[in-house]
Amino acid sequence: MAQHQVNYTSSGGLPIVLTSVDKFINWGRSNSLWPLTYGLACCAIEMMASGASRFDFDRMGVIFRASPRQADVMILAGTLSKKHAEFARRLYDQMAEPKWVISMGSCANTGGMFNTYATVQGVDRIIPVDIYLPGCAPRPETLQYAMMMLQKKIRRGSANMKKNQKQRFV
Amino acid sequence: MRKYTPKGNVQKKAKYNDRFWVAPSVARSDYRSDKHFSEVVEKLSKEVKVLDSYVEIGQLVVEIEAEENLKALKNLKSGSCYEMCSELSAVDYLSQSGEFEIFYQLLNLKKSKRVRVITRIKRGEAIESVISIYKMANFAEREMYDMFGIYVNNHPHLKRIIMPDDWEGHPLLKDYPLEGDEFASWYEVDKIFGKEYRDVIGPEIRDQAMVDRYDTQRFARVGKEVPFGSNPEKADEAQTPVSYSKARFTNYTKGSKELDKRK
């Protein structure tokens, strides 16, 4: 039905792919999610295992970055104490847009077993969370599944982050 | 599988029903039966006033006056070779006697013997620092100050060690609530966003078993799903009642016949 014939063999031999800008940008974003190297407690051990060779996060384009300036995803892996909440928020603020947050494990989701004075009762009190990952601690496969869910979420949404409705406090 | 017991009100139930339950105390024996310990007490009593001394689970316990803690520890370290202080902290006995018990747990590495030096101070009183004898006291005394609010005289850097510097209250006191006072429950919100954001963020949800059927962001209304984030009014209850069918849940306490029926 094409009005103009596309000759794949000429024009430098390059095939042409037609897509929308949204899909193209989301394709790029979702396939190179770089999380921040940031562990809080025992969930961080599972996060490290996900990054290491047995479970191998690299094959999904997920490479841990040591600086919040280079990171797209913040994985809050573990118990967030009230003393540390300020610094977790600061790291989140230092990350460049677009950015996403995965709350990993029971402690990050709700405070978990630490129903005490010194623990933040759910990191969503200070940082907007995209994916809540249950478990104590979640297996590396679970974290990889969460990352795949996040990829799906990014692909589903608009490339313009302002259009994506997001739970935000500030 | 272990037999299932109903846990309906397990969070509301107190662990101990008897308000006047007193923990059984550990058996004490005379220190004179041990040759090493009787020598230790003999040497110590020459220099400081020993209020009480006994053996508890193979450890010598010596009670002294709070003013003489430096002297007593110096005597034990140089005289009886207790070279290591493994722990130092306080116990809150304010409700019983209005006093803190401060203890120093000492270890003789050559003879594998332990001595606990205990002393009592009233609320508001300070204790002399023992850093000059045991270096570990530096952090341990800071922790004691942090957790109990006990001031330590001549400490080089008496500052909170675990809680943030601007924290209010001393969490290991028995009258400190486990879930924190008002300051503690709003600490991170006040610090990061400011007090005006308390209304936006809301109070902490401390009941882990709570399910809010009107919260459509965090909870699924099983069988009566509504769009994510929508706000069903309370009046909506008649139209979309949430009722769980009895067939779905089996009473495991009744025995195995009930389970067979389910199959």
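Colleague: At what relative accessibility does Asp30(B) count as partly exposed?
Modeller: This is a predicted model, in which local features need pLDDT of at least 70, side-chain atom pairs count only at pLDDT 80 or more, and totals for chains, interfaces and linings use all residues, while side-chain values use heavy atoms, leaving out hydrogens and water. Residues are numbered from 1 along each chain as its sequence is written, and chains are lettered from A and ligands numbered from 1 in the order in which they are written. Buried means under 20% relative accessible area, exposed over 50% and partly exposed in between, with a 1.4 Å probe and protein chains only. Asp30(B) is partly exposed because its relative accessibility is 40%.

Colleague: Which residue forms a salt bridge with Asp30(B)?
Modeller: A salt bridge is a side-chain nitrogen of Lys or Arg within 4 Å of a carboxyl oxygen of Asp or Glu. The closest N and O atoms of this pair are 2.9 Å apart, and the partner is exposed, with a relative accessible area of 56%. That partner is Arg32(B).

Colleague: How many residues apart in sequence are the parts that Glu99(B) and Arg120(B) tie together?
Modeller: The side chains of Glu99(B) and Arg120(B) meet in a salt bridge of 3.3 Å, N to O. Helices (H or I, at least four residues) and strands (E, at least two) are DSSP runs, numbered from the N terminus. Glu99(B) lies in strand E5 and Arg120(B) in strand E6 of chain B, so the separation is 21 residues.

Colleague: Which residue forms a salt bridge with Asp146(B)?
Modeller: The closest N and O atoms of the pair are 2.6 Å apart, and both residues are buried. The pair links distant parts of the chain, 14 residues apart, with Asp146(B) in helix H4 of chain B and its partner in the loop between strand E8 and helix H5. The partner is Arg160(B).

Colleague: What is the nearest side chain of opposite charge to Glu141(B)?
Modeller: Glu141(B) is found in helix H4 of chain B and is buried, yet has no salt bridge. Lys and Arg count as positive and Asp and Glu as negative, His and the chain ends not being counted. Beyond its neighbours within four places in sequence, Glu141(B) has contacts (heavy atoms within 4.5 Å) that include Leu88(B), Glu128(B) and His155(B). The nearest side chain of opposite charge, 9.6 Å away, is that of Arg142(B).

Colleague: How many salt bridges does a search of the whole structure find?
Modeller: Some of them form a network linking Lys82(A), Arg125(A), Glu188(B), Glu204(B) and Arg206(B). Over all chains, the number of salt bridges found is 21.

Colleague: What percentage of the residues in chain A are buried?
Modeller: Chain A has five helices and three strands, which follow the pattern α-α-β-α-β-α-β-α along the sequence. Among its contacts between residues at least 6 apart in sequence, 78% join residues at least 24 apart. Of the 170 residues in chain A, the buried share is 44%.
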